[in-house]
Amino acid sequence: MTNTPATPRRRGAARTDELLQATLDLAAEVGYAGLSIEAVGRRAGVGKHTIYRRWPSMPALLLDALSRVWTSDLDYRDIGNVRADLREQFLRSGRALSGPPIGPVYRAVIAEAQADSRLRATLHERFLATVEQSTLDRIVRAQRAGELIAEANLEFAAEVLCGTLYYRSLLSTRPIDEEAVDGLLDMFMAAYGTGREASTA
């Protein structure tokens with residue numbers, strides 16, 4: 001009979017999952033101020049060295065915890081009308097950013113990134129750039145379909161659209177509600193729309 005290391009690897013993966021879930025649960029309960037390697041270890045019932053064997057720092061742990069809950073569910077659901085698609089996605093993302101599991105962990109990562117330029121670059125590469133690119137892809141498709149003016153460079157528009165929502169979520173006490181999203185999209189369509197939006201029927 002041949003011995004295999006598969007079982008220890010499964011135990012290691014299971015322990016990693018437990019630690020990520022403990023981080024998410026703790027973030028939802030205590031927010032950024034209560035997060036630390038020691039606190040996560042207490043929640044998971046392990047010593048801090050068990051965590052440090054997997055992650056070199058709290059920011060690294062937070063990034064992986066954020067990856068665990070940042071899912072494709074936040075992608076666009078293309079129904080053919082750019083304004084309707086933007087509205088639906090922004091409202092859905094707003095709800096996700098304002099509460100657990102994404103909200104508390106994302107705020108913790110943002111807070112850590114202010115004093116860590118490498119973390120800030122990694123955060124942008126792994127998450128924010130993806131959000132901006134998916135928005136840019138959606139409005140470029142609308143441009144090609146004749147819904148948005150053909151000559152416009154939409155890269156900055158995508159950044160402004162996403163940035164407005166993330167500003168509200170992270171730095172403002174104002175909600176990402178229907179009024180806010182509709183106001184933002186009214187400005188966007190007034191600046192870039194052709195009046196030929198595709199039908200949702």
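A residue counts as buried when its relative accessible area is under 20%, and by that criterion Tyr106 and Tyr166 are both buried in this predicted model.

**View 1. The largest pocket and the helices that line it.** The largest pocket of the predicted model has a volume of about 320 Å³ and is lined by 17 residues, of which Tyr106, Ile110, Leu128, Tyr166 and Leu170 lie nearest its centre. Two or more lining residues come from each of helix H6 (102–113), helix H7 (117–144) and helix H8 (155–171), and the largest share, seven residues, is given by H8. By residue class, the lining divides into 11 nonpolar, three polar and three charged residues.

**View 2. The aromatic pair of Trp70 and Tyr106.** Among the four aromatic pairs that the structure holds, the one formed by Trp70 and Tyr106 has ring centres 5.6 Å apart and planes at 50°, so the pair is tilted. Because Trp70 lies in the loop between helix H4 (58–69) and helix H5 (82–98), whereas Tyr106 belongs to helix H6, the pair ties together parts that are 36 residues apart in sequence. Trp70 is buried, with a relative accessible area of 16%, and Tyr106 is buried as well, with a value of 2%.

**View 3. The aromatic pair of Tyr106 and Tyr166.** The rings of Tyr106 and Tyr166 pair edge-to-face, at 5.9 Å centre to centre and with 75° between the planes. Since Tyr106 lies in helix H6 and Tyr166 in helix H8, this pair ties together parts that are 60 residues apart in sequence. Trp70, Tyr106 and Tyr166 belong, together with Phe127, to one aromatic cluster.

Technical notes:
Residues numbered from 1 in each chain as written. Predicted model: local features only at pLDDT ≥ 70, side-chain atom pairs only at ≥ 80, totals over all residues. Heavy atoms only, no water. 1 Å grid on protein atoms, 1.4 Å probe; cavity = no way out; pocket = protein on both sides within 12 Å on 5 of 7 lines; lining within 4 Å. Points joined across faces, edges and corners; volume = space filled by probe spheres on them. Helix = DSSP H or I, 4+ residues; strand = E, 2+ residues; numbered from the N terminus. Nonpolar A, V, L, I, M, F, W, Y, C, P; charged D, E, K, R; others polar. Phe/Tyr/Trp six-rings, centres within 6.5 Å; stacked < 30°, edge-to-face > 60°. Buried < 20%, exposed > 50% of the residue type's maximum accessible area, 1.4 Å probe, protein only.
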